[in-house]
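Grab a pencil and try these exercises before you read the solutions.

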Amino acid sequence: MGSRVVQRSKALHLRARGVTTMVRIQAVLHPRRSPSNLTEPEQICREEWEKLPKLVIGSPIGQRTFDWGMTRILLTKIPFFKEIIVSSFTCPNCSWSNTEIQSAGRIQDQGITYTLNVKSKQDMNREVVKADSATTRIPELDFEIPPYTQKGSLSTIEGLLDRAVAGLEQDQPLRNETAPEVAVKISEFIDKLKKLKEGESGFTLVIDDPSGNSFVENPFAPQTDEALSVCNYTRTPQQDAQLGIKAEDEEEEEKPINDIDSMRNEVLTFNTNCPECNAPASTNMKLVQIPHFKEVIIMATNCDDCGHRTNEVKSGGATEELGTKITLHLTDVSDMSRDLLKSETCSILIPELEFELGMAAVGGKFTTLEGLLKDIKDLIVSKNPFTCGDSSTSDRTEKLKLFGQKIDKIMAGDMDVHIVLDDPAGNSYLQNIYAPDPDPEMTTEKYTRTFEQNEDLGLNDMKTEGYQK
């Protein structure tokens, strides 16, 4: 009995359908029998089951009846975000179900914080990806869901509140018997959460994820969402330890500083992984001097397995004392060949299209103006999975298609627009083809950064004097 059951419980039936892989796990445990009432062979079977790899997120069998169940696993991509794995388990006998998500990619280089001002009932329908490592807060209620207390989930704002309410209501009958005063306070708090869900008052939702794999939908894409702010930050050593990136007691050794003169004439190479297929690849790095500007670091990655190529630009100097805002009036198709350096902190605006692209959307790039516009079109239109299939809507598809046509007109020189590069760090550059004389179609403005911009750059907490103390 025991060996037969173990063999059946280990049987996996895999069937690929496009990007969808169905994983079905059958467990031959006696129905409606609690673990304490199992016979000795059955108990051995259950112990063996607990040792199996947890391919099913949550419980591989029904929580109430221990009957057969099925888990569906789907690899999908969220627009303007990344790939995730969605798993859904259902038990047909006790109707217990569970839906969870896991990131299909790597831990990101930076953590991310989403702050959403929920003002209407429509905001409750925004899609939310909440990773295991994310902390969820509602400051108005002093409410917090710590990291690793819930499995990752793909839901909506309303779904997050429903899940929080269900978790608080779970042990209410026991509290009513053992701690009535606590039960009354929790019931009052549950009522407050339900009122928020009904949209009776606005509130702020904060999702802080050190892994960078959480996401809150922007329904106005490609336009800016005034109610949603996104902030990337550098993780602390403690957060790296929680994510398993390095041990808590690991100490970073200071490396000797290389000679700058030798680095200018040398291409450095270091090993990394391809961002598309995760295969081993190499990245070349070179320090380059841009005329009439400054030094930058250009990094290029080429994957021999999948052929993916990417390049990234980092500033080779310090953050400037003033921010820089460059405005170019496009008057001729020859403007498309201007060299352009966009740092990670630079945002892009096209006022005539009411379009704004945030600072970290396409990363640092050294390209031409035409290359930048192609990257914008690919990000918003070509690589957007919501423009086709059953996930698309006619209004959204038509809107994005029209936006792509306008970008094509700009690249062909058939549309009179202005391109604005706004970089609070002052590390972006647009070629002046009249140099060293002024460019009549381009203006460069230096401005003092706001407190919020300094906060995004991490300058408010930076101490440059007396830091030895």
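**Exercise 1.** Find what the side chain of Ser428 touches, and decide whether Ser428 is buried or exposed.

*Solution.* Start with the side chains: in this predicted model, those of Ser428 and Asp423 are joined by a polar contact of 2.9 Å. Next, look for backbone partners. A polar atom of the Ser428 side chain sits 3.2 Å from the backbone nitrogen of Ser343. Now place the residue: Ser428 belongs to the loop between β23 (418–423) and β24 (429–430).

**Exercise 2.** Check whether the length of helix α8 (residues 369–382) agrees with its 14 residues.

*Solution.* Take 1.5 Å a residue, and remember to multiply by one less than the number of residues.

**Exercise 3.** Work out how α8 and helix α9 (residues 394–412) are oriented to each other.

*Solution.* First get the geometry: the axes of α8 and α9 come within 10 Å and cross at roughly 170°. Angles over 145 degrees count as roughly antiparallel, so that's what α8 and α9 are. Who makes the contact? Among them are Leu373, Ile376 and Ile380 of α8, and Leu400, Phe403 and Ile407 of α9. Finally, sort the contact by class: nine nonpolar, one polar and four charged residues.

Methods:
Residues numbered from 1 in each chain as written. Predicted model: local features only at pLDDT ≥ 70, side-chain atom pairs only at ≥ 80, totals over all residues. Heavy atoms only, no water. Helix = DSSP H or I, 4+ residues; strand = E, 2+ residues; numbered from the N terminus. Polar contact = N/O pair within 3.5 Å; in protein donor to acceptor, adjacent residues only side chain to side chain. Axes fitted to C-alpha atoms, helices over the stretch in contact; angles between N-to-C directions. Parallel < 35°, antiparallel > 145°, perpendicular 65-115°, else oblique. Contact = heavy atoms within 4.5 Å. Nonpolar A, V, L, I, M, F, W, Y, C, P; charged D, E, K, R; others polar.
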